[in-house]
Amino acid sequence: MIKILILEPDEHLKELLKANLNSEFGAEVLCCQTLNQAKATLENEADIDCVLLRGSLGAEDLAISVLNFMLYKKLPIKTLVMGEIDFEEDFVRMLPEKIQIKDLLDEIIKELNISDQKLAAITIPDYVGFKLHYFFQINSFSADIFILIKKKHKDQYVKRILANDNFDKNLLLKYKQSGLEELYVAKEYRHQFWDALISENINRLKEVFKNSNDFPEEYIIELSNDTYNLSQDLLNSIGLNEQTVKMTQASIKAMTGIVKSMDKMGPLLKKLLSNEGSYAYKKCHLISMFSVDVLKKLDWFPSDKFDESLNIMVFVSFMHDIVLIKEDLIKIHSKIDLYRSLASDKEKELIKNHANIVATLVGKYPRAPGGADNVIKQHHGTTNGIGFSEVYNSNLSKYTIVLIVIEAFVIRILDFNSSEDSLKSIISHFYEEFTQPSYKKVLDALVSTILGDAKKL
Ligand SMILES: [Fe+2]
């Protein structure tokens, strides 16, 4: 993804530039309005591809100060200045003060040497697809909805639902039955579509948790699954922003509420396993659910700070594999799984680095529970978040050890095959596996939780 830093003091121009760069290139746009903001961004953000500065409208001195700072810090990032300023360096090029957006985009393409092939890959198409199931979660949308008809020479987008018309759920069901996976909106409305989805889901969550006794557990699980999957899609398609953080925070809060309020684990577990929800969601929910009792049984965490400990566990359960969207990728847990996997080289790189990638993301997440990034980084047993450890390391954070043991058990539960497996055989397998005292201690707490609930399973 192209990363562009804009220093544009005019709010309106800044928004216009940001929207265009984002919708044309899918660029990550960092905006600054003061010298200090620009300095901090240049120092803290790695891999900025291009800087856009306003060199007119009274911002000339500001532009020169930023460029001097870049020189001083030896950061010769390609810079385009809109307007003429008195500054000559190879990495800086002046553009007309009143350049048209279209021409500015062409200048960026030229400056960054983006080939036609690469441009085709990064340019956002005119219509953006959204998974069909999202259209069941909202009732209408403020722009037209299209279906894609694949043609030999040029794909065709055909309008099927008019702006602001109520969605016909029967029509959506027919699409689903016919195997249609996505509906499309024109690219300029794609953020509005995410916004509509987010606000609808947050409203549903609020409604359910205001009157949770009025809703059956199946509905609560379905809603929780929807909001987990939406958070995952949001974080992976548009990254961290105010809206995505709002959505993930609401989903995590909801999941914490569900697992805390549950007095009987058995019936909920049964419903969860038979639910159609995603594998990733089930794994996250089950880890959170077992954490409640395991944390209570361990003497590692202060009992008067139980809520804080649980918040960490739910947060890390929710986030630790969030960048692995495909189910077969989440199911890779070891070097040998990775070696045998049919995943592409790019996917294999993502799997190898996912703990580190998510830990970095969480490092930027506002008000993440303290230490959560470290737990996530270590969740495959390595301290740098890269690869899979082949031994169980006792020098990891206590929360990480809890996560590793519970996750291993949850994965076995999700793969449970009643003709081959029994709870007893699974438990004895894990006693052979987790021989280190700290891991065994978590396993003891987990086993006593499970056996306490076994009759209800
Ligand atoms: Fe993982």
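A residue is called buried if 20 or more other C-beta atoms lie within 10 Å of its own, exposed if 12 or fewer do, and partly exposed in between, with C-beta atoms placed from the backbone. Tyr189 is partly exposed, because 19 other C-beta atoms lie within 10 Å. The model is predicted: local features need pLDDT of at least 70 and side-chain atom pairs count only at pLDDT 80 or more, while totals for chains, interfaces and linings use all residues. Residues are numbered from 1 along each chain as its sequence is written.

Tyr189 sits in the loop between β9 (182–186) and α7; helices (H or I, at least four residues) and strands (E, at least two) are DSSP runs, numbered from the N terminus. The C-alpha atom of Tyr189 is 9.8 Å from that of Phe141, 48 residues apart along the chain.

Two packed helices are described by the angle between their axes and the distance between the axes. Here axes are lines fitted to C-alpha atoms, for helices over the stretch in contact, and angles run from 0 to 180 degrees between N-to-C directions. Helix α7 (residues 190–210) packs on helix α8 (residues 217–237) at about 150°, and their axes are 11 Å apart. That makes α7 roughly antiparallel to α8, since angles under 35 degrees count as roughly parallel, over 145 as roughly antiparallel, 65 to 115 as roughly perpendicular and the rest as oblique. Contact requires C-beta atoms, placed from the backbone, within 7 Å. Trp194, Leu197 and Arg204 are among the α7 residues that meet α8, where the partners include Ile220, Asp226 and Leu234.

A second pair is formed by helix α11 (residues 279–297) and α17, at an angle of about 125° with axes 9 Å apart. That makes α11 oblique to α17. Among the residues that meet are Tyr279, Leu286 and Phe290 in α11, and Val402, Ile406 and Leu414 in α17.

Ile287 belongs to α11. Ile287 counts as buried because it has 24 C-beta neighbours inside 10 Å. Apart from neighbours within four places in sequence, Ile287 contacts Ser317, Leu403, Ile406, Glu407 and Val410. Ile287 and Ile411 are 124 residues apart in sequence, yet their C-alpha atoms are 9.5 Å apart.

Helix α17 (residues 398–414) has 17 residues, which at 1.5 Å a residue should span 24 Å, and its end C-alpha atoms are 24 Å apart, which agrees. The expected span is 1.5 Å times one less than the number of residues. Buried residues in α17 include Tyr399, Leu403, Glu407 and Phe409.

Methods
Contact = placed C-beta atoms within 7 Å.
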